[in-house]
Protein chains: 2
Amino acid sequence: MTLLLKRWGITRHNVQGTYVMRERVASLRYVFYPRNVAIIGASRDPNKPGSVILKNVLEGPSGIEVYPVNPKAEEIMGLRCYPTVLDVPDGVDLAVIAIPAPLVPGAMKDCITKGVKAAIIISAGFGETESGKALQDELERVVHEGRTRVLGPNTFGVMMPGRINTVFYPYDKSTSPRPGNVAFITQSGAMGFLLLEKMAYYRIGISAFVSIGNKIDVDENDLIEFLIDDDSTKSIACYLESFRDGREFFEISRRVARRKPIVLLKSGVTERGARAAASHTGALAGSSAVLEGALRQAGVIGAHDEEELIDFAVALAYGKPLKGGRVAVITSAGGVAVTATDRIENTPGLKMAELSEETKDGIKTILPPFASTANPIDITATSTPEMVDGVLEELQKDDNVDVVLVFSLPQPPLPVTEELVDVITKWFRKGKPLVVGTIENRFTIDSIRTYNQRGVPVFPSITRAVKALKVLRERGRYLEASR
Amino acid sequence: MTLLLKRWGITRHNVQGTYVMRERVASLRYVFYPRNVAIIGASRDPNKPGSVILKNVLEGPSGIEVYPVNPKAEEIMGLRCYPTVLDVPDGVDLAVIAIPAPLVPGAMKDCITKGVKAAIIISAGFGETESGKALQDELERVVHEGRTRVLGPNTFGVMMPGRINTVFYPYDKSTSPRPGNVAFITQSGAMGFLLLEKMAYYRIGISAFVSIGNKIDVDENDLIEFLIDDDSTKSIACYLESFRDGREFFEISRRVARRKPIVLLKSGVTERGARAAASHTGALAGSSAVLEGALRQAGVIGAHDEEELIDFAVALAYGKPLKGGRVAVITSAGGVAVTATDRIENTPGLKMAELSEETKDGIKTILPPFASTANPIDITATSTPEMVDGVLEELQKDDNVDVVLVFSLPQPPLPVTEELVDVITKWFRKGKPLVVGTIENRFTIDSIRTYNQRGVPVFPSITRAVKALKVLRERGRYLEASR
């Protein structure tokens, strides 16, 4: 962004700057909501990245015009093909560029001449490699002379399920990431792809996926500002190896974090990791240690690895911020009850709730005599969905309980039943804050997917579920403190 | 065990005591290697636990005689049925008891009269519930008058894949836990079952599964001593909520840990957790904080949750102890490289290896020019199994490398290829210590199962893979220090 402002001769702080910044962010609408898309590098060979992208874009909502661009073809997938983007008869909102790196600056010049609003440069072989650095310099010069917003180069593309998909891997209905509320910005295309597929595998819904690549123009800061206004986005997960402008990142975060939570996995925090990052993205990593304190002050939730990144973003997108840390645990497995209790009691900010006598009496009438009515509530192997329903109802009235951690476990030989999933979904939707825990196996995997599909936050290990509670409590505290 | 010695009038420390202890442990062979099994509570109703157990036992190796015991049937599943165990014509090695709790003391008396060598009491409703405490006292009196070894009551059963399965859930070939090298002892039947199914789901091979239930006779200490001599067992995972005799547990561990590693998840370590444990298993949890130091001194690896318990046991059963902590990382995903580097550098005992110039030069000839030949070795998205093979070969000669963490990642749109799995398996088997990392999704799940099936330790998150390295390094250090 800083570069963009500079090339428009504007500083961030003057009045016109504010307007331009707004326009700069708003211009990203052409990336996510283009009225038409030119695919530069579409080909009659269906395996070429450009062709896969063409197919993925064509599967978006009808009404988006698509223009294949390729000097060697007249028609691709039944669409008229244009030799260059300059030959496209209409104005172009978005150009996706997937051609050999040396051809990119030329194609980019065409885009600028044409007045294309935004471009996504999929092509790799730029600043992320020693030999591509000069080419990236050339490309930057071209880009900075124009007003076309550019994502990339070396990006894996963007995806908004049901809207736009410029990723160059084939998808069909069963494997496509589902629409939902987690936005995911990634600086590593490969990491991004692996996690996008992980989310699709567990049917976690996403609002947007953006691979920022080498960030010669559009960066994480632009994207955060844009996505904060996206109605579907309820949390933003960021995988970053370097900040384009760290100060600005924290300024923006501080400004917007009240509205939507941001989770950050900043890798390259050790000296060795920073070196690895430099050789990988060609960008210099920031200071070798991002202060957790700086993150907290800005309201950003730090993640230490890719699992926390997604788990925390899911918890924050789908769960409710917690007003207190007193947890009631429901489970049918004694060992899970004890282990969860240990994990909760050992987590700062959380503790096991002391149930009121009234609640315990109420639970006693629901459970068999040998079940434990103290917290953790062990409904034992005789558990039924009705018992879980009854216990959840009792807990709603108890002011000593801030959140319920309910373990959704099977009564083998049957997998977790639809009835149990329905009961838990019902109370998640209408009751106190609730998080679901489980253990992934043949009896639970389908229900994990169902919960995710319904937007009920579910975590397939005890520790992961407890960490989700911790993050929701931190979010609650942050919202209280920043009120 | 203490109780058994007492009832045999023997202290652990006299000479006869040593013999008896050996015999006491050896007597557990009747639990795992019975020549014949009486199923007390087999029924013509195929859904009764006794019938499921009968079916599971019948699916074991031929040559095990099976005697259904039920006063109300003459024949069950084509087998002659006996009214009581006393009516069985031959001597009985193992009786599995799955009848209503109040009938158990009587059936147990019959077993003792008959001279049955060992009994597994599946029935629940004893000391784990308030109302069953008196019944457990009665059962203990019966058991302590006899010499039949007793597992339970309130046990989920035992399983040695391909040998014996007294678990009361139905299994078929596709869902059965696979034979392998992890022994798993659990005090919580439900937790045990969930993790057994988790291991089956990922095709992690187990040597034995034992749910110890209320431990009125056989306890974790007996089982550890027995399993240490089991050839298939390469590591022992223990989930415990209480020690039957903590001092003895550590004595035994200290004595045997050099031979085979023991991983312990001791839950009930917080005061609240201990309370939950007491209400669940009826046993008093030990001291509220198990000292990590005591564990380390005894050579026991501590786990904090169910995921670490299984991961660590898998690492130790299938991986090699590390003589040093210098890790070489191979991956085709830049973000994974950087994040793994951070995790390794932040883990005490581990650090990123400095590759020799020779190794780097060798790698240079294998990888494309834009790949990083420094550690982490990022073979980029153009990665082929041949490149991974070549890099692994180069690393073998480098004395600066103690272990290789290789990420097994897909080149979409194809899942991880058989070729890649074969290359990694080959080097795992013939080369330096090696651990596989990945991220679970549709492109990797099959390969995760294949690695596990082949006994190659694989972990589906960066942190989990790095923790496995840490545990292998700790094991290496322990073996050095205790030499």
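**Helix pairs, overall form and a buried loop residue**

In this predicted model, helices α5(A) and α6(A) run roughly parallel to each other, because their axes cross at roughly 5° and angles under 35 degrees count as roughly parallel. Helix α5 covers residues 104-114 of chain A and helix α6 covers residues 133-145 of chain A, and their axes come within 9 Å. On the α5(A) side the contact involves A:V104, A:P105, A:M108, A:K109 and A:I112, which meet A:L135, A:E138, A:L139, A:V142 and A:V143 in α6(A). Sorted by class, the residues of this contact comprise eight nonpolar and two charged, with no polar residue.

A second pair in chain A is formed by helix α16, residues 418-430, and helix α17, residues 445-454, whose axes lie 11 Å apart and pack at an angle of about 30°. This pair, α16(A) and α17(A), is therefore also described as roughly parallel, and the crossing of the two helices is right-handed. From α16(A), the residues A:L420, A:V421, A:D422, A:I424, A:T425 and A:R429 take part in the contact, while α17(A) contributes A:S447, A:T450, A:Y451 and A:R454. Here the residues of the contact between α16(A) and α17(A) divide into four nonpolar, three polar and three charged.

The C-alpha trace of chain A spans about 80 × 50 × 40 Å along its principal axes. How does the radius of gyration of chain A agree with that of a compact globule, and what are the two values? For 483 residues a compact globule would have a radius of gyration near 23 Å, and chain A, with 25 Å, agrees with this. Of the 483 residues of chain A, 65% count as buried, and among the contacts in chain A with a separation of 6 or more, 74% are accounted for by residues 24 or more positions apart.

Turning to chain B, the residue B:T166 sits in the loop between β9 (164-165) and β10 (178-186). Is B:T166 buried or exposed? Its relative accessibility is 0%, so B:T166 counts as buried, the cut-off for that class being under 20%. With neighbours within four places in sequence left aside, B:T166 is in contact with B:I53, B:V57, B:V96, B:I120, B:I122, B:F156, B:G157 and B:V158.

Note on methods
Residues are numbered from 1 along each chain as its sequence is written. Chains are lettered from A and ligands numbered from 1 in the order in which they are written. This is a predicted model: local features need pLDDT of at least 70, side-chain atom pairs count only at pLDDT 80 or more; totals for chains, interfaces and linings use all residues. Side-chain values use heavy atoms; hydrogens and water are left out. Axes are lines fitted to C-alpha atoms, for helices over the stretch in contact, and angles run from 0 to 180 degrees between N-to-C directions. Helices (H or I, at least four residues) and strands (E, at least two) are DSSP runs, numbered from the N terminus. Angles under 35 degrees count as roughly parallel, over 145 as roughly antiparallel, 65 to 115 as roughly perpendicular and the rest as oblique. A crossing is left-handed if the near helix is turned anticlockwise from the far one by less than a right angle, and right-handed if clockwise. Contact means heavy atoms within 4.5 Å. Ala, Val, Leu, Ile, Met, Phe, Trp, Tyr, Cys and Pro count as nonpolar, Asp, Glu, Lys and Arg as charged, and the others, Gly among them, as polar. The radius of gyration is taken over C-alpha atoms; the globule rule is 2.2 Å times the number of residues to the power 0.38. Buried means under 20% relative accessible area, exposed over 50%, partly exposed in between (1.4 Å probe, protein chains only).
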